[in-house]
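Please have a look at it first.

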Amino acid sequence: MGYRDLREWLAIVDEFGEIKRINGAHWRLEMGGLADVIYREHPGTPPAILFDEIVEYPKGYRALFGQISSPRRLALTLDMPLEYDSMMDFIRAYREKIRVLDPIPPRVVGKTVAEENLQEGEAVDLYRFPAPIHHELDGGRYFGTGHVVITRDPDEGWVNLGAYRLQLHDKNTLGFYSSPGKHGTIHRQKYFDRGQPCPVAVAIGCDPILWLVGSMEIPLGMSEYDYAGALKGRPMEVVEGKLTGLPIPAQAEIIVEGEVLPHETRDEGPFGEWPGYYASTARPEPIIRVKRVMYRSNPIMTCSQPARPRHEHSFHRAVIRSALIWDELEKVGVPDVRGVWCHEAGGSRLLTIVAIKQRYQGHAKQAATIAAQCHAGAYLGRYVMVVDEDIDPSNTYDVLWAMTTRVDPERDIDILRDTWGSKIDPLVRKPAESYHNSRALINACRPYEWLHDFPPVTETSPELRDKLIAKFGKGILE
Ligand SMILES: Cc1cc2nc3c(=O)[nH]c(=O)nc-3n(C[C@H](O)[C@H](O)[C@H](O)COP(=O)(O)O)c2cc1C
């Protein structure tokens, strides 16, 4: 089921019946508030929300939330079959897809759909677009949340795409918060170390695959364009930015080019973040001086809203991060991993559960340590729990049962100290001089030494269950 751009993608999602259209919401708190309520309180699969007739904006200037917050929308975006029996089946299928990925570099084309409208120099006016104030205590409007920020490594030349929040400071200035260790931060710092400005491009309303890979831990040195191309089996199309020379998605709705100057900062935030708190106060962060903007007529501004989980993007991040951690475990030789789930309640980062079939003493500890420190799991985690293969890591009840019955807290919990934390951690003490954190590695497997003598589970065997159902009928389960 192919699509060329966000509009064709939306037409397919419309056929799924997965778009909720809301007209007349205000950019100030109403779009964000509605998204927050819908994504946390929706009883079933939450739809994508397409806002139109946004207060103070012309009809047709739209804002899209929740692009890939359902299994079908995520599968469509990843170019995968649409139906799965269980969450683990979905993750398994995606893991198979990324097990061997041949990077496909982007293809430069002559034109972008965003060429329909141009703002340059003094004419740049970012207020033209309905950037929301997402949460009640936010420090301002956020122009970039469902977007990618494009930078190039000045030494090695590779191009990174990262979803780093962009506050709307004024008509041609954006706050650029990317945390230490992120690839965009490393690129920016390399320019600053040479005393040079860092060229930056921003693309909003691209193929959702680009936002997806831009917001996930793709290996250092590999461009997200190549990774997205590999997932799609065809090159992503880009145009060369007139100002920056950076490759920019040709099918983006809004394209911004500018530069970040060393030593130039403005107070950024606060912003409600994915752990569910306004953890960091406003503080100085670098800014992008915007020099050039192109946009499609009637542009669609893609937005994404972190909040108290379950939130607008916790689902796709749980699926993708689970598969990435599983892949990294396998690649460093941890055998018999049977499932991984980065629980949405921890913002898809703070609680990772790994299921293994134990093969040797220390297997569980090995899996826990690597899951806590591999690329996809290293940033701002808190708990990694390893369970036996009879536990479905995505089934919270099963996981809590394993934890409460197979963990001896004194013996089975280890602490890693001084690990990669973040200013957005609500547990960072003020003033935030240091923001590294610690990790609990929880071995919730049966002790390996007495695996076979561990008390049997009081559970009706599958054979007896089948017999009972055959005799008394499926109706007994209703
Ligand atoms: C909606 C959204 C907003 C995000 N905002 C930020 C941000 O402001 N700063 C940041 O460092 N990471 C942010 N992230 C996480 C990064 O996108 C993610 O860590 C990604 O892997 C970064 O790319 P990199 O690995 O190429 O550095 C955000 C993710 C999402 C989905």
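Predicted model: local features only at pLDDT ≥ 70, side-chain atom pairs only at ≥ 80, totals over all residues.

Residues are numbered from 1 along each chain as its sequence is written. Helices (H or I, at least four residues) and strands (E, at least two) are DSSP runs, numbered from the N terminus, and two strands are said to pair if DSSP finds at least two bridges between them.

E4 and strand E12, which covers residues 237–240, run parallel and are joined by two bridges. They belong to an open sheet of three strands, in the order E4-E12-E13, with mixed pairing. Its edge strands are E4 (107–108) and E13 (247–249), each of which pairs on one side only.

How is the chain divided? There is a domain 1 (6–302) and a domain 2 (314–450), with bounds that come from an automatic or database domain assignment. Their C-alpha centres lie 28 Å apart. Counting two residues as in contact if their C-beta atoms, placed from the backbone, lie within 7 Å, we find 24 residues of domain 1 in contact with 26 residues of domain 2. On the domain 1 side, the largest share, eight residues, comes from helix H4 (residues 87–99).

Let us turn to helix H8, residues 314–331, whose 18 residues reach 25 Å from the first C-alpha to the last, close to the 26 Å expected at 1.5 Å a residue; that expected span is 1.5 Å times one less than the number of residues. H8 is mostly covered, with 16 of its 18 residues buried, where buried means that 20 or more other C-beta atoms lie within 10 Å of the residue's own, exposed means 12 or fewer, and partly exposed lies in between, with C-beta atoms placed from the backbone. Just after H8, Gly333 takes a positive phi of about 95°.

Finally, strand E18 (residues 337–342) is also mostly covered, since five of its six residues are buried. E18 pairs with strand E19 (residues 351–356) in the antiparallel sense, over five bridges, and the bridge partner of Cys342 in E19 is Thr352.
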